[in-house]
Amino acid sequence: MSQEEPRLGDPPSPADTAAERTLFGHPIGLTNLFGVELWERFSFYGMLTILGYYLYYSTTEGGLGIAQSTALGIVGAYGGLVYLSTVLGGWIADRVLGMERTVFYGGVVVVAGHLALAVLPGLAGVGVGLVLIALGSGGLKANASSLLGTLYAPTDARVDGGFTLFYLGINIGAFCGPLLTGLLQREWGFHVAFGAAAVGMALGLTQYVVFRRNLGTHGREVPNPITGRELIPVLIGVAVAAVVVLVAVLAELITLENLSDVTTGVIVVASVVYFAVLLRSAKVTQVERTRVVAFIPLFIANAVFWSLFQQMFTMLAVYSDERVDWRIFGWEAPASWIGSVEPVWIIALSPLFALMWTKLGNRAPSTPIKFALGVIGMGIAFWLFALLSGFDGKTVPVLAVFVILGGFAVSELLLSPIGLAVTTHLAPAAFRSQMMALYFFSVGIGTSMAGTLARFYSPESEVAYFGFSGAAAIVAGLVVVACAPWIKRRMQGVH
């Protein structure tokens with residue numbers, strides 16, 4: 001974008017005193033968004049790490065007794081729907097409420113969803129709870145990341161470091177959530193654990209309100225306010241979509257067994273439509289349009305990465321429960337603690353990566369190369385799991401899993417916070433939040449694919465499963481390396 005065209009990420013005016021305050025060299029508003037995202041991820045991952053077990057454990061174990069393959073598909077589909085709903089959250093922010101208020105109201109809906117899981121029994125509680133959490137998280141996630149992006153100018157070399165620190169908050173929550181819910185589930189049952197997730201999100205909302213002033217005026221404006229005439233077709237479209245879904249369910253075109261496949265297909269189609277809208281919109285300049293084109297291969301690489309990574313909550317959850325020896329100094333930890341292992345590495349490494357990117361500045365590898373290294377690293381980590389196939393039954397050493405998940409963490413730090421940062425700067429000014437929602441579409445595709453792929457796993461096929469999955473990711477990463485010069489040219493000055 002040219003210098004004359006305003007961006008939400010432009011430097012703040014002198015009148016915006018809150019934005020001029022810094023902490024450790026970063027805008028003070030980072031601390032508020034760090035906190036709310038920490039607690040949202042505490043509740044999200046605290047619930048997600050035990051969700052599969054709740055679905056497929058027998059009723060005598062406190063679960064619902066659903067077939068394991070179906071349960072893993074539901075977990076993957078739910079994760080995909082969370083990220084699909086970011087488009088709704090982005091649209092509400094861009095057209096109705098602005099980013100800052102959408103973050104708050106999204107958190108309120110998340111609390112309601114966790115309470116539904118805690119209070120309502122059976123599949124009714126699962127249905128109501130997961131829908132509310134998906135909608136609320138969709139509103140909060142895309143806009144918290146976009147709101148952080150507005151605190152930095154497009155050419156600010158601190159932005160990767162800022163997003164990496166933001167990612168540290170995400171992973172503190174992701175580390176603590178499964179630890180607490182895993183223990184609560186084992187001692188007092190699933191519903192108490194789901195209740196703890198609700199309390200966590202409520203704490204996040206409280207700190208967000210108390211320190212709201214740190215954000216100044218950032219995210220308060222509505223970039224592209226909707227008119228009454230535009231609202232009518234939107235409402236009609238929502239009604240039509242609801243009827244289509246209802247008919248598909250009644251006709252058994254959508255079932256619990258194929259939910260992850262349907263979700264993947266829906267997000268792929270929605271992504272294609274969204275790219276077409278951005279590329280054809282009169283509100284997008286030529287420079288912005290070129291940047292959107294540069295985003296497409298990064299979008300695909302991101303989907304490949306998350307299709308492996310998000311198996312932490314599908315296939316690897318089963319692997320943890322059935323193959324890993326969780327005895328630590330004579331005490332057996334809950335299998336759901338696998339969700340807390342990788343965040344340990346993130347917490348340890350995030351400050352180092354933030355310092356590294358800040359020190360390197362514009363000398364750091366370009367975004368396409370960082371993406372490629374992240375995807376390749378993820379493939380290598382899957383190959384390392386194949387080396388453990390020689391262990392019989394529930395004998396895989398937890399220390400070996402801990403080391404391999406360190407590879408997950410390095411790969412994630414090379415790709416995910418960088419993806420959040422670059423999306424905010426490649427986004428057209430009129431579609432900033434919705435561009436972030438499009439980024440999360442790629443995560444959604446990967447997450448729902450994680451549910452689909454998990455159905456092909458079995459202890460007998462481990463070598464083939466980990467081998468082929470890892471190889472696919474490595475090939476995808478090498479393609480991005482080959483395309484890196486082409487992508488970088490079209491990023492139009494964004495590093």
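Six helices, α3 (68-84), α4 (86-97), α6 (122-149), α9 (228-250), α10 (259-280) and α16 (432-454), each supply at least two residues of the lining of the largest pocket. Helices here are DSSP runs of H or I with at least four residues, numbered from the N terminus. This is a predicted model, in which local features need pLDDT of at least 70 and side-chain atom pairs count only at pLDDT 80 or more, while totals for chains, interfaces and linings use all residues. Residues are numbered from 1 along each chain as its sequence is written, and side-chain values use heavy atoms, with hydrogens and water left out.

**The largest pocket**

The largest pocket holds about 2000 Å³ of space. Its lining has 44 residues, and Leu81, Leu84, Ala241, Val245 and Val266 are the closest to its centre. Helix α9 gives the most to this lining, with ten residues. By class, the lining of the largest pocket has 36 nonpolar residues, seven polar and one charged. Ala, Val, Leu, Ile, Met, Phe, Trp, Tyr, Cys and Pro count as nonpolar; Asp, Glu, Lys and Arg count as charged; the others, Gly among them, count as polar.

Pockets and cavities are found on a 1 Å grid over the protein atoms alone. A cavity is a set of points where a 1.4 Å probe fits but cannot get out. A pocket is an open set with protein on both sides within 12 Å along at least five of seven lines. Lining residues have an atom within 4 Å of a point. Grid points are joined across faces, edges and corners, and a volume is the space filled by probe spheres set on the points.

**The cavities**

The whole structure has two cavities of 30 Å³ or more.

| Cavity | Volume | Lining by class | Largest share of lining |
|---|---|---|---|
| Largest cavity | about 220 Å³ | 14 nonpolar, three polar, four charged | α7, four residues |

The largest cavity is lined by 21 residues. Tyr45, Tyr167, Ile170, Trp306 and Glu412 lie nearest its centre. Helices that each supply at least two residues of this lining include α7 (159-188) and α13 (338-360). The largest cavity lies between domain 1 (21-225) and domain 3 (257-494), because both give residues to its lining. The domain bounds come from an automatic or database domain assignment.

The second largest cavity is lined by Leu48, Val75, Gly76, Gly79, Gln310, Phe313, Thr314 and Thr447. Domain 1 and domain 3 each give at least three residues to this lining.

**Two buried residues**

Pro343 sits in helix α13. Its relative accessibility is 2%, so Pro343 counts as buried. Buried means under 20% relative accessible area, exposed means over 50%, and partly exposed is in between (1.4 Å probe, protein chains only). Beyond residues up to four places away in sequence, Pro343 touches Asn171, Ala174 and Phe175. Contact means heavy atoms within 4.5 Å. Pro343 and Gly406 are 63 residues apart in sequence, and their C-alpha atoms are 9.0 Å apart.

Ser469 belongs to helix α17 (residues 462-490). Ser469 counts as buried because its relative accessibility is 14%. Apart from neighbours within four places in sequence, Ser469 is in contact with Leu308 and Phe382. A polar atom of the Ser469 side chain lies 2.8 Å from the backbone oxygen of Tyr465. The C-alpha atoms of Ser469 and Met378 are 9.6 Å apart, although 91 residues separate the two along the chain.

Technical notes. A polar contact is a pair of N or O atoms within 3.5 Å; within protein, one must be able to donate a hydrogen and the other to accept it, and residues adjacent in sequence count only if both atoms are side-chain atoms.
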